[in-house]
Amino acid sequence: MSPLSWGGPRALPLPLPLLLLLLMPGWAAPTFISVNRGVRVMKGHSAYLLGDDLKFAIPKEKDACKVEVVMNEPMTQRVGKLTPQVFDCHFLPNEVQYIHNGCPILDEDTVKLRLYRFTQTDTFTETFILRVYLLEPDCNIIRMSNNVLEVSEFYGLSRAIDKNVLRFDYEGAAGLECTVRLDPAGSRLPAHGQVVLLEPRPEKPRGDQPHSFFPESRTDCLHSVLYILELGTELKCPGGSCSLGLKKIGHVRVSCEEFLRMGLRYQHTNPPSPNIDYISIQLDLTDGRSKIVYKSESAWLPVYIRAGIPNQIPRAAFMAMFILEVDQFILTSLTTSVLDCEEDETPKPLLVFNITKAPRQGYVTHLWDHTRPVSSFTWKDLSDMQIAYQPPNSSHSVRRHYEVEVEAYDFFFERSAPITVHISIRAADTNAPRVSWNTGNKPKGHLSTE
């Protein structure tokens, strides 16, 4: 791996005197970044990236320059998203935007960016981190009252979400339409329950009552309201202790007033669970004529589970070996038999591993682009054998040993104790010729017999 692949600009090959100079103590890698102050965003809101937040020392008239948002790092953009995915280094004031998803847990987020500078002869790249500082907002449209949603037991049902729990403070601005959206599939919230609608069972007509007197069912009333509901089948509850007529709610898009009249409730479904869960709410204020979104806001409505316990940290799995055997030069996949962790409250595919101590030589990579190192990955990618270790491009006659230290994070950002994976690189026992990567120490095209 090039010594510059993590930090400053990279263009290969590098002259040996320059490489040695950069490795000397006190010398920092050159960088194209002149200003990187990060961006400040109110929780639940969005903010545009300005030139005072991020600036590059690249003349606009000289070279082409682009910035890419690195998407395969799950430890970045954990509670928000930077858009667009690719933008010009000399971006406009209203072009690059960070959108927060309303999570109240974290006070800081990060975005991993990769800069590309294109000259007539070379392409330089530089990878860096943009910090996002999350601030408490001064005023919100979505306002939560002191009357919290609560579930007294596992599989229990909360009170209805109404104006006593939630209110929308937009003062009925003239010409603005207020819309609320729920997207449980996209937000993965609630994590340990679901949003349901309580539908009373139809009343059976009496023998002396004409069918026309039979009251219209709640289902027919719902179709007359202008929103979208994806209703699942009737819920099954352990022991039959749940109320009848519960319908699972999927995607919802409804006016703010109607949302508070629908009678939506939270139902707990997945014990064991922490003592708190959340419902993700997105609100849009739209101009009634132009249909342009005037303002957007997101919030996580907490649901307290009285029978739950505080969220537990992930832990290393007992059955994993935490030892990886590698052949020289051979890209080797990590598996769950080498590295694994357990967490009772979070499904394994949602667990994230963060590399806190990289190997002294070689690097951990994602097979999506195995030429670049990664600093984090999901348990799902690990299970799918998409995470691998690339050994150093050097030959040795004895076995070498390195260590990788990782931490596991659950869905609500609790982290495990450090987990160490030992990497053992076997010595190659062959006289076959091998091609070495020329980094400036040897003549180009050097072919060595290892």
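What share of the contacts in the chain with a separation of 6 or more comes from residues 24 or more positions apart? The figure is 68%, where contact means heavy atoms within 4.5 Å.

Before you start clicking, a word on the model. It is a predicted one, in which local features need pLDDT of at least 70 and side-chain atom pairs count only at pLDDT 80 or more, while totals for chains, interfaces and linings use all residues. Residues are numbered from 1 along each chain as its sequence is written, and side-chain values use heavy atoms, with hydrogens and water left out.

**Stop 1: the whole chain**

Show the cartoon: you have 5 helices and 34 strands to look at. These are DSSP runs numbered from the N terminus (helices: H or I, at least four residues; strands: E, at least two). Of the 450 residues, 44% are buried; buried means under 20% relative accessible area, exposed over 50%, and partly exposed in between, with a 1.4 Å probe and protein chains only.

**Stop 2: the largest nonpolar core**

Now select L54, F56, L82, Y98, V111, L113 and L115. These have the most contacts inside the largest nonpolar core, which has 34 residues. Such a core is a set of buried Ala, Val, Leu, Ile, Met, Phe, Trp, Tyr and Cys residues joined through side-chain atoms within 4.5 Å. Colour β2 (39-42), β4 (54-56), β5 (64-69), β9 (108-118) and β10 (123-135), the elements that give two or more residues to this core. β10 gives the most, with 4 residues.

Centre on F56 next. Beyond its neighbours within four places in sequence, F56 is in contact with F32, I33, S34, V67, C89, L115 and F128. A second, separate core of 32 residues includes Y170, I249, C256 and M262.

**Stop 3: the disulfides**

Select the cysteines. The whole structure holds 2 disulfides, each a pair of cysteine sulfur atoms within 2.5 Å.

Begin with C65 and C89, whose sulfur atoms are 1.8 Å apart. The torsion about their S-S bond is about -60°, so this disulfide is left-handed. C65 sits in strand β5 and C89 in the loop between β7 (86-88) and β8 (97-100), so the pair ties together parts 24 residues apart in sequence. C65 is buried at 3% relative accessibility, and C89 is buried at 5%.

Move on to C178 and C256, with sulfur atoms 1.8 Å apart. Their link is left-handed, with -70° about the S-S bond. C178 lies in strand β14 (residues 176-182) and C256 in helix α4 (residues 256-259), so this pair ties together parts 78 residues apart in sequence. Both C178 and C256 are buried.

While cysteines are on screen, click C103, buried at 0% relative accessibility, and C139, partly exposed at 46%.

**Stop 4: T332**

Zoom to strand β24 (residues 332-333), where T332 lies. T332 is buried, with a relative accessible area of 15%. Its side chain reaches the backbone oxygen of I330 at 3.0 Å. Leaving out residues up to four places away in sequence, T332 touches L324, E325, V326, D327, A388 and Y389.

**Stop 5: a hairpin**

Finish at strands β27 (residues 363-366) and β28 (residues 369-373), which run antiparallel and are joined by 2 bridges; strands pair if DSSP finds at least two bridges between them. The hairpin from β27 to β28 passes through 2 residues. Pick H366 and you will find its bridge partner, D369, in β28.

Conventions
Polar contact = N/O pair within 3.5 Å; in protein donor to acceptor, adjacent residues only side chain to side chain.
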